[in-house]
Amino acid sequence: MSRKLTKQSTILLVISGILLSSSIFFPWWGMKFIAPQYPEGLNIIVYPYKMQGEIEIINGLNHYIGMKPFSEESFPELKYLPYIIGGMSLLIFLTAILRSKKLLLILILLFTVGGLLGLYDIHRWLVDFGTDLDPSAPIELDPFVPPILGENRIANFITHSYFSYGSFLIGITFVLMVFSLWRVRKK
Amino acid sequence: MKKIVTAISGVVIGFLLATVFFADFTDIGPKSVADSNEKSNSEKVYVPFGEKDEYYLFASGGHSGQMFIYGVPSMRHIRTVPVFSQDSATGYGWDKETKEMLGGYTWGDLHHPAFSETDGDYDGKYMFATDVGNSRAAVMNLETFTVKDIISIPNTSGPHCAMFVTENTEYMFLPTRFAVPIGHKYEPLDDYSEKYRGVMSAVTFDEKNEKLGIAYQIALPPWSYDLSDAGKKMSKDWAVITTYNTEEATTNLEINASQADRDFILLFNWKEIEKMVENGQYDEVEGQKMIFPEKHKGAMYLIPVAKSPHGVDVTPDGTRFIASGKLAPAMTVFSFEKAFKAIENKEFAGERNGIPILNYESVMEREANPENALGPLHTQFDDEGMAYTTMFISSEIVKWDPNTGETLDRVPVQYSPGHSVAAEGDTVSPDGKYIVALNKIAKDSFLSVGPSHPESMQLIDLSQEKMEVIQTAPVNPEPHYAQMIKADKINTITVYPKDEANPNAVYSLEDTRIERKGNEVHAYGIAMRSKFVFDVNTERPDVIEVNEGDKVTIHLTNIDLDQDITHGFAINGYDLNIEIQPGQTNTVEFVADKAGTFPVYCTNFCSALHQEMTGYLLVKPKN
Ligand SMILES: [Cu+2]
């Protein structure tokens, strides 16, 4: 059994590195709020480095229930997340160049931990925004935590949380990495 | 290769089987339900919720000074746009900009809306209108349905037959209904023929700055000018206007202006006049470049027409113009080509007030005289060039063929139609489909509202062989004239874009402030769901405190950049009320000449907490 990665696995790794780095430019996660007055829905779309959507309108509505306003400034992650992803991609490329199986194993572990941390981070913010409500707000609401994935109801809004293209690319990256390790194992 | 072939044939066979077993062939052949011939009238005008009308109808509001916007075919009233009158529903006439535009007038008599045109077709960018009451012209932007500029027209009185827009919106011509001395000076009516003039203005529109202007004026004879139309295609450099009171009567016009057997159509070449102005062939009068037809010859001609004519309309192909004799019950078809030839050959039958008269016979092509049709006023056209003329006295619309003069169809309306408007019916390419009769009387048609009856508009279906009235809508006074435009030609905005360059705009709470300069107070505030913030750094950010006699300017920006969230701002007891659209900055200016406590509040329902969107204006009394 060779300690080096096969040619095929190396190619797969290069592809996964490209996919991972390009995920920076795609939305990762989003929420859509739908209400009778907003049948077209209001959006929060999160990229690794920015937020998009009808943020100002959502903030304007959130003040009724005393939710803190969202802005890119309120999420420090957006400043360093692209570098982390960029760094990870470089590590993948390095692994491909060295064709090191051991490094790949470490990378996969790192990836798993990072992914879980990312999910925890989103959850932490959802808890923070949904439970730390201004007690003097005009409409009093029980604290709530929207799910990371799926539907929820807040006042007159139905929220849909979903993962988007960026996270799909990461998923594929992860699968490719595991697959290239598995290919090597088989031999 | 073999694999691919197998795969493809598999898919094809599967598809075929699916078609054979599951396809529904029952909808092949004539569909009875969707056939428009079998639709009831209510189905023809019913626009289900969620769908939108096919046309916008812009109807002049006459002496309401407003423009009414309807959807066709539903005939639903969508909006009233104030143009020449104050309107407290929209705060029009109290904010600084609209107050200045209205120039101290509180009403107007809005006539003859006209769309801006490109190549003789509506381009959906602007709408123009004139004010017969106070001699003004206005332009409305069709992205926001708001008036952008109003100008007063000097030397003229009551531009009734305008606006009429030339093929590429080069000019809007505004002839006068009432002859007056130039500069509105006092002159005895005994000197009417010498001292009075029926001045026509060539109004221009600067699209970049959204400003109207006057290029020049023409001191026409002291007659009344009634209706007009600009040429199209081969006649695009020309325009026609009907006149009455060529008798130059000065009293009891009902009798005295109906004496002459013939009045005139004024035919003029605006390209030639433009050249004259370029060459300095004009007089400088009252600050205007004034052209006197008796001095500056070669661009204006008179054509005799049956007495007291009303409408004159150019056919879509631009080859003819049709005049209707209000008192002489016939429509006359004139030929531009014949007129041009007569002008070229100088075939004149004398002169009137220094303007050459063309021979009636050498310009006229035919007269159309539908039996017992009385009081022909205006003509509109369909996609096949057929003419539709409203009959004021016999209360009907008559369809006829300008090529033969033959009457094709007639439909009664209730009652007394003045103008009518066909779908894009005065452009180079009318749509056919619909015509709307604008009726002056609605006697017995609706629930009574006392002695004053509503007026009415009736929608007539032109898509079938016989014309048919399919909808009737009561309307506010007075539907004078209207234009109908295909809905997809209009592209509105829903929210004003942020204008960071506007020094009066404030988009963030931190920038709100109240500044005092001597006895002037300037507030730069925000309206947002559901509060006013005039100065965020004070104990009560929703309060403005001034001294009696201060000049107060309040700039408000609606920072709800959200569709349909309009805020109002009224000062209770101070006769002030303005509106601020999403993203817009608006300004109100007033002298705080009443001491006391005056609540301020949002007039336009904006949210669940709209009722709480209030504050105070405190005016401290002088000692
Ligand atoms: Cu409000």
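**A buried aspartate and its surroundings**

Author: Of the 623 residues of chain B, 56% count as buried. Keep in mind that this is a predicted model. Chain B is built from eight helices and 43 strands, and its C-alpha trace spans about 95 × 85 × 60 Å along the principal axes. Take the contacts in chain B between residues at least 6 apart in sequence: 59% of these join residues at least 24 apart. The chain exposes about 27300 Å², with carbon and sulfur atoms supplying 51% of that area.

Now for the charges. Chain B carries 55 positive and 91 negative side chains, and the centres of the two sets lie 2 Å apart.

Asp95(B) is buried yet has no salt bridge. The nearest side chain of opposite charge belongs to Lys96(B), and that is 9.2 Å away, whereas a salt bridge needs the nitrogen and the carboxyl oxygen within 4 Å. What does the side chain of Asp95(B) reach, then? It reaches the backbone nitrogen of Thr98(B), at 2.9 Å. Leaving aside residues up to four places away in sequence, Asp95(B) touches Ile578(B), Asn586(B) and Thr587(B).

Side chains of opposite charge can pair when their charged atoms come close. Over all chains, the count comes to 34 salt bridges. One of them is between Lys489(B) and Asp121(B), at 3.4 Å from N to O. Lys489(B) lies in the loop between β33 (482–486) and β34 (513–517) of chain B, and Asp121(B) is in strand β5 (residues 121–131), so the pair ties together parts that are 368 residues apart in sequence. Lys489(B) counts as partly exposed because its relative accessibility is 23%, and the cut-off for buried is under 20%.

Strand β5 of chain B comes up again with Lys125(B), which forms a salt bridge with Glu207(B), the closest N and O atoms being 3.2 Å apart. This pair also links distant parts of the chain: Glu207(B) is in the loop between β11 (196–206) and β12 (211–220), 82 residues from Lys125(B). Both ends are partly exposed, with relative accessibility of 39% for Glu207(B) and 37% for Lys125(B).

Asp562(B) is buried, and so is Arg529(B).

Arg529(B) has another thing to check in the backbone. A cis peptide bond joins Arg529(B) to Ser530(B), with omega about -5°, and Ser530(B) is in that loop between β35 and β36. There is also a cis bond between Pro477(B) and Glu478(B), where omega is about -10°; Glu478(B) is found in the loop between β32 (468–475) and β33. For context, most residues other than glycine have a negative phi, and most peptide bonds are trans.

On the phi side, His184(B) has a value near 55°, positive in a residue other than glycine. His184(B) lies in the loop between β10 (180–181) and α4 (192–195) of chain B and is partly exposed, at 42% relative accessible area. Glu286(B) is not a glycine either, yet its phi is positive at about 50°. Its place is the loop between β16 (283–285) and β17 (288–291) of chain B, and with 44% relative accessible area Glu286(B) is partly exposed.

Finally, a quick stop in chain A. Lys68(A), Asp128(A) and Asp132(A) are linked in a network of salt bridges. Helix α2 (residues 55–62) of chain A is mostly covered, with seven of its eight residues buried, among them Ile55(A), Ile57(A) and Leu61(A). The cover over those buried residues includes β1 (29–35), β2 (38–46), β3 (51–53) and β5 (157–163) of chain A.

Note on methods
Residues numbered from 1 in each chain as written. Chains lettered and ligands numbered in written order. Predicted model: local features only at pLDDT ≥ 70, side-chain atom pairs only at ≥ 80, totals over all residues. Heavy atoms only, no water. Buried < 20%, exposed > 50% of the residue type's maximum accessible area, 1.4 Å probe, protein only. Lys, Arg positive; Asp, Glu negative; His and termini not counted. Polar contact = N/O pair within 3.5 Å; in protein donor to acceptor, adjacent residues only side chain to side chain. Contact = heavy atoms within 4.5 Å. Helix = DSSP H or I, 4+ residues; strand = E, 2+ residues; numbered from the N terminus. Areas by Shrake-Rupley, 256 points an atom, 1.4 Å probe, with all protein chains shown as cover. Charge placed at Lys NZ, Arg CZ, Asp CG, Glu CD.
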